[in-house]
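Have the model open while you read.

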Amino acid sequence: MLKEKLEPYVEYCVEETRKVLDIDSPTGFTRKAAEFVMDEYRKLGYEPKMTTKGGILVKVAGENQEDALVLAAHIDTLGAMVSKVKENGNLEVSPLGGMNPNNAEAENCRIYTRFHGAYTGTFQLNNASIHVNGKYNDTSRAYSDMEVVLDEQVSSKDETLELGIMVGDIVCFDPRTVVTDKGYIKSRFLDDKLSVGILLGYAKFLKEEKVKPKRTIYHHITVYEEVGHGGAGSMPQHVTEMISVDMGCVGDGLSCTEHQVSICAKDSAGPYNYDVVTGLIQAAKDQELDFAVDVYPHYGSDVDCALNAGYDIRHGLIGSGVYASHGYERSHKDGVKNTLGLLVAYTTQS
């Protein structure tokens, strides 16, 4: 069975995920992470190319140019941008993507200036000392009520500006990655760096197991997914199908767990291609993979974006189950194994 071959590749997926998570890459600030991933594809024997937008496109398999498939994952994450240097020397920020300030409170962060290196700080509620602030419990956690407190001895706007910090600088939050002895993977930004690790594992599997799918298969590691246009460009010729490998939703009303691969039948943009979803389910059944089929209530993907851009393609969405999405997220090595297995099974079935 396929599952018996996957274990070493699962460990590779997780290690690659760790490495990518260590590289800050909020949407719009992804070059270093993209260059790292390109190098990993080169080590595996592939020839990746950087797109004009800054994503990665790489052909990983296949001969039939008339029925090509794109597997897409995104490397951009949530983050923030300095929107104001405050009179007290602290920073007001604006979110990059759907970073919820309630969720990011008290998180350590890095501020990347354009010309003067990086600084560290913490994202806090304004007047964050509960022994001083009598309205601490009643104050909303909105960006207007929060600030980045710099790890520098500054107390005025001018002192912060003298450090070289300015409006437009990028603020990156700590991922705090942990892999437990029981196989749980905990980190910010598993959405969608876990899937980037899985696609690298898939590419390694094809190469080392000498698997040659009949279709031409591309990987597209997109950027700007978190702001809605990651999959809107760089589509190779003769592509008829695109599958987004993103996080599978875990929560009330859904059946997926962190140990499964999720197959999405519908998200907030509408239903996924019926034949693609059916094919994914059949491939999972054939290989006895642990999977769930769900409807995601608040979700959009790179393939939704590609359709909105006008591409005439079939589309699907799968991913390892991830709990606490857009927060401090958690998945499991079982979910990685089932997702990797489904990719191999689906793309190699006759």
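1. Start with His 238, which is partly exposed at 37% relative accessibility (partly exposed sits between buried, under 20% relative accessible area, and exposed, over 50%, using a 1.4 Å probe and protein chains only). His 238 isn't a glycine, yet its phi is positive, about 70°. You'll find His 238 in the loop between β12 and β13; strands here are DSSP runs of E with at least two residues, helices are runs of H or I with at least four, and both are numbered from the N terminus.

2. A word on the basis: this is a predicted model, where local features need pLDDT of at least 70 and side-chain atom pairs count only at pLDDT 80 or more, while totals for chains, interfaces and linings use all residues. Residues are numbered from 1 along each chain as its sequence is written, and side-chain values use heavy atoms, with hydrogens and water left out.

3. Tyr 224 also has a positive phi, near 75°, and is not a glycine. Tyr 224 belongs to the loop between β12 (215–222) and β13 (239–245), and is partly exposed at 26% relative accessible area.

4. Why flag these? Most residues other than glycine have a negative phi, and most peptide bonds are trans.

5. Asp 192 is in helix α5 (residues 190–208). Its side chain makes a polar contact with the side chain of Ser 195 at 2.5 Å (a polar contact is an N or O pair within 3.5 Å; within protein, one atom must be able to donate a hydrogen and the other to accept it, and residues adjacent in sequence count only if both atoms are side-chain atoms).

6. Ser 195 lies in helix α5 too and is buried, at 4% relative accessible area.
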